Structure formats: structure tokens, C-alpha cells
Amino acid sequence: MRLARLKSIFWQQNTFILLFFILLASFAWFAQAMSKMYNTEIAIPIEYSNIPNNKVPANPFPSSILLYIRGKGSDILAFRNLPKTPFVIDCSQYEFNTTLNFEAYKGKLARQYPNFQIESLYPVLVKLSFENKSVRKLPVSLRNQISTARSFKLAQIKINPDSVLVSGPASYVDNLSSWPSEKIILSQLNSSFSETVPLISPPFDVIEILPKSINYELIIKEYVEKEIKLKIRLLSPPKKGQVFLYPETVAVRFQAPTDMLKSIDTSFFAATVDYKKINTGSATQTAAIEVNSLNPNITISQASPNYAEMIVLE
């Protein structure tokens with residue numbers, strides 16, 4: 001029993017010693033690796049200052065410079081874990097349309113990052129081109145693919161806000177007529193629905209939109225089909241004589257929201273025939289009956305008859 005206990009203590013001591021030397025060897029290997037020179041690439045953010053208020057970049061400027069460098073492993077590792085100091089370009093020092101050669105900035109970059117030897121960089125040439133800034137208020141276009149359940153219809157779409165402020169190069173902004181949202185796809189709706197949807201992101205960084213999202217509300221109503229009889233009204237009657245219509249009424253089937261049924265009467269419709277549109281090629285004088293809904297929530301599904309006969313008495 002005592003022998004087993006001594007073996008256990010000895011094994012534990014050997015294990016600790018082994019782990020110590022493994023850690024020591026790993027540290028020595030890591031220290032040696034960090035002291036070696038390596039070639040790698042690092043991205044330096046670019047900051048553009050003193051852009052005139054009434055001007056914007058005509059094309060997206062690069063947001064960073066890619067430096068191909070040589071340096072110690074320890075310096076590269078430290079750089080990757082530290083906040084990056086941006087490289088500042090003062091736009092007031094240049095004309096509105098000029099091309100910068102970043103090769104000329106190697107010395108300045110070397111002073112900003114003295115622990116690295118800069119082998120090359122990308123991009124080499126950057127065109128600084130500006131144009132007039134345009135700010136416009138544009139209506140929002142809600143891109144949608146919506147279907148409702150049977151006997152239900154989309155009665156109204158409410159958007160809030162219904163417009164967006166777009167700013168950017170005049171050559172782009174001034175040609176816009178609206179700003180689209182991300183597409184919404186909804187099916188088999190049987191009740192009203194509301195949600196927030198983001199607007200399409202600008203294609204270039206130099207274009208800004210506010211706000212970046214909108215709220216929309218879909219008003220879904222249940223529709224029923226009913227029938228009503230309408231008196232036909234004559235349009236463009238002749239200056240002489242009297243015109244009688246046969247029949248005098250037309251039966252109209254329509255669809256309307258259930259909450260409107262009690263208020264619907266003949267004033268919601270118009271049934272007409274135009275004397276100027278008499279079909280002279282038939283044995284009798286007939287004209288098409290035109291039936292229209294005067295309310296956007298009411299849809300005409302059928303009207304009978306389609307033609308009315310005209311009897312003219314001199």
C-alpha cells in the first residue's frame with residue numbers, strides 16, 4: 001500500500017516536470033518565431049478630411065490602403081491586435097479632379113509605421129473626383145408580392161414614413177424617381193398586418209438615405225358579392241327627338257368589404273350608354289352599357305345585359 005502511494009507521488013512529480021519543460025520549450029519556440037522576419041499584408045484605414053459641404057465624391061474612394069510589408073513577427077502580431085491609426089488625406093490640398101499616386105506617400109507611411117519595411121502598396125493610383133451634392137426627398141416604393149385568402153382582399157397599404165431623404169452625387173440622385181424597399185413576400189393573408197422593412201442599401205458609399213427602414217401596414221378586408229339594379233343614364237343625347245332605352249336598368253354584381261355593405265346604394269355606381277357610340281351595323285340601334293364603380297373599394301364583377309337598345313322618336 002505504501003509502495004503504491006510512493007509510486008503515485010513519483011508519477012505526479014514527473015508529470016509536473018514534463019509539463020514544465022513542454023511549456024518552456026513552447027515559449028522558447030514562440031519567442032524565436034516572433035523574432036524572425038515575415039512578409040505579410042496589412043490594411044490601413046483611410047480618412048478623407050476637409051471635403052467641401054456642397055461637394056461629394058463622384059465615385060467611391062478606397063476606404064483603406066493595403067500595405068505589403070516585412071517586419072518582425074512580434075511587431076506584426078501586436079499591430080493586428082491594436083486599433084489602426086487612419087491615414088489622413090486632406091482634400092483641401094488638391095483640386096476637385098486629380099489623381100493621387102500613393103507611391104509618393106511611402107515615406108509618410110514609413111514614418112507612421114516605423115517597425116515595418118514597406119515593400120509595395122495597393123491601390124497605387126486613386127482618382128479624387130468631386131461633383132455637386134444633391135439632396136432630394138423621394139417617395140418610398142414598397143416592393144411586394146402579396147396574396148390574400150379566398151374572399152379577402154388587400155384594401156390599402158399604409159407606409160410610414162412614405163418618403164426618404166437621398167443625398168449624393170447630383171448625376172445619380174437627380175435621376176431617381178423613388179427609393180425601393182426590400183421585397184416583402186406574404187401569402188394567404190386574412191387579417192391586417194404591419195411590420196418594419198429595411199430600404200434597399202445605396203449602391204455606393206457616397207450615397208446616403210434617411211431613414212434606412214420604414215413601417216408598413218396592410219389593411220386586409222373580407223369581401224362579399226352582392227347584386228344591385230342601376231338605372232341607365234343616356235350620354236350625348238341628340239338635339240332633336242326623344243330617346244328611350246330598353247332595358248332602362250342593368251343588374252350589376254359587385255364585390256365590396258363586409259363593413260361597407262349597409263352604406264352601399266346606387267350612388268356608388270354609374271351606368272351609362274353613349275348615344276354617339278350607337279352600333280349602326282345592327283338591325284336595331286344599340287350601344288354598350290358602361291358600368292363603373294365610384295368607390296375604390298368596390299369591384300364590378302359582372303353586369304347584365306351588356307347592351308341597351310335605343311328607340312328614337314322624332
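A polar contact is a pair of N or O atoms within 3.5 Å; within protein, one of the two must be able to donate a hydrogen and the other to accept it, and residues adjacent in sequence count only if both atoms are side-chain atoms. By this definition, the side chains of glutamate 225 and arginine 253 are joined by a polar contact of 3.2 Å, and those of glutamate 225 and serine 301 by a polar contact of 3.0 Å. The model is predicted, with local features needing pLDDT of at least 70 and side-chain atom pairs counting only at pLDDT 80 or more, while totals for chains, interfaces and linings use all residues. Residues are numbered from 1 along each chain as its sequence is written, and side-chain values use heavy atoms, with hydrogens and water left out.

With a relative accessible area of 36%, glutamate 225 is partly exposed; here buried means under 20% relative accessible area, exposed means over 50%, and partly exposed lies in between (1.4 Å probe, protein chains only). Apart from neighbours within four places in sequence, glutamate 225 is in contact (heavy atoms within 4.5 Å) with Arg253, Phe254, Gln255 and Ser301. Its C-alpha atom is separated by 9.4 Å from that of isoleucine 300, a residue 75 places away along the chain.

Next come the charged pairs. The structure holds four salt bridges, each defined as a side-chain nitrogen of Lys or Arg within 4 Å of a carboxyl oxygen of Asp or Glu. One of them joins glutamate 225 to arginine 253, with the closest N and O atoms 3.2 Å apart. Because glutamate 225 lies in strand β15 (residues 213–231) and arginine 253 in strand β18 (residues 249–257), this pair ties together parts that are 28 residues apart in sequence. Arginine 253 is itself partly exposed, at 29% relative accessible area.

Arginine 253 also meets glutamate 227 in a salt bridge of 3.1 Å, N to O. That pair again links distant parts of the chain, with glutamate 227 in strand β15 and arginine 253 in strand β18, 26 residues apart. Glutamate 227 is partly exposed, with a relative accessible area of 48%.

Another salt bridge brings together the side chains of lysine 277 and glutamate 290 (3.4 Å, N to O). Lysine 277 sits in the loop between β19 (269–274) and β20 (286–288), and glutamate 290 in strand β21 (residues 290–293), 13 residues apart. Lysine 277 is exposed at 51%, whereas glutamate 290 is partly exposed at 38% relative accessibility.

Between β17 and strand β23 (residues 307–313), the antiparallel pairing runs over five bridges, and phenylalanine 244 stands opposite isoleucine 311 in β23.

Finally, helix α2 (residues 73–80) has Gly73, Ile76 and Phe79 as its buried residues. They cover an arc of only 130 degrees around the axis, so they lie on the same side of α2; the arc is that of the directions from the helix axis to the C-beta atoms.

Key. Helices (H or I, at least four residues) and strands (E, at least two) are DSSP runs, numbered from the N terminus. Two strands pair if DSSP finds at least two bridges between them.
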